[in-house]
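Welcome to this short tour. Please open the structure in your viewer and follow along, one selection at a time.

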Amino acid sequence: YVVSGTPEVELHRIVERRRLGGYFRAVFGSPRGKAELLAGIAAAEAMEAARLLMVGDATTDYAGANGAGTAFVGRVADCQIDPFPPGTVTIPDLRALPALV
């Protein structure tokens, strides 16, 4: 799934143009909030929100995950300042994700 603050219509165009649609079950954007979208994904998958993992690079991603009760991992590139609260698990890129599972 993709959950983004980008307007949903625009996000669908971006995903389509880059031919990425086959990698995701669904793509969701604004105006709905991230917590609402994550809760909807959990419901659609018939699972507890706590079993979902949101990977994000912005504090709005972190807040959305917390609001929905989902786990969160921040993506912070080596050259970036970590914007997340102390103790937040972060990775430099998605290649590091399997090490957390």
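**Starting at the helix**

Select residues 59-68 to see helix H3, which lies across S3 and S4 and runs at about 170° to S4. Contact here means heavy atoms within 4.5 Å, and axes are lines fitted to C-alpha atoms, for helices over the stretch in contact, with angles from 0 to 180 degrees between N-to-C directions. Helices (H or I, at least four residues) and strands (E, at least two) are DSSP runs, numbered from the N terminus.

This is a predicted model, in which local features need pLDDT of at least 70 and side-chain atom pairs pLDDT 80 or more, while totals for chains, interfaces and linings use all residues. Residues are numbered from 1 along each chain as its sequence is written, and side-chain values use heavy atoms, leaving out hydrogens and water.

**On to the sheet**

Next, show the open sheet, with three parallel strands in the order S3-S4-S5; strands pair if DSSP finds at least two bridges between them. S3 (53-56) and S5 (90-91) are at the edges with a single partner strand each, so one side of each has no neighbour in the sheet. Zoom in on Arg 75, whose bridge partner in S5 is Ile 91.

**The ring cluster**

Finally, select Tyr 62, Phe 72 and Phe 84, a cluster linked by ring pairs (centres within 6.5 Å; planes under 30 degrees apart are stacked, over 60 edge-to-face, the rest tilted). Which of these is buried at 6% relative accessibility? That is Phe 84 (buried is under 20% relative accessible area, exposed over 50%, partly exposed in between; 1.4 Å probe, protein chains only).

Technical notes:
Rings of Phe, Tyr and Trp (its six-membered ring) pair if their centres lie within 6.5 Å; planes under 30 degrees apart count as stacked, over 60 as edge-to-face and the rest as tilted.
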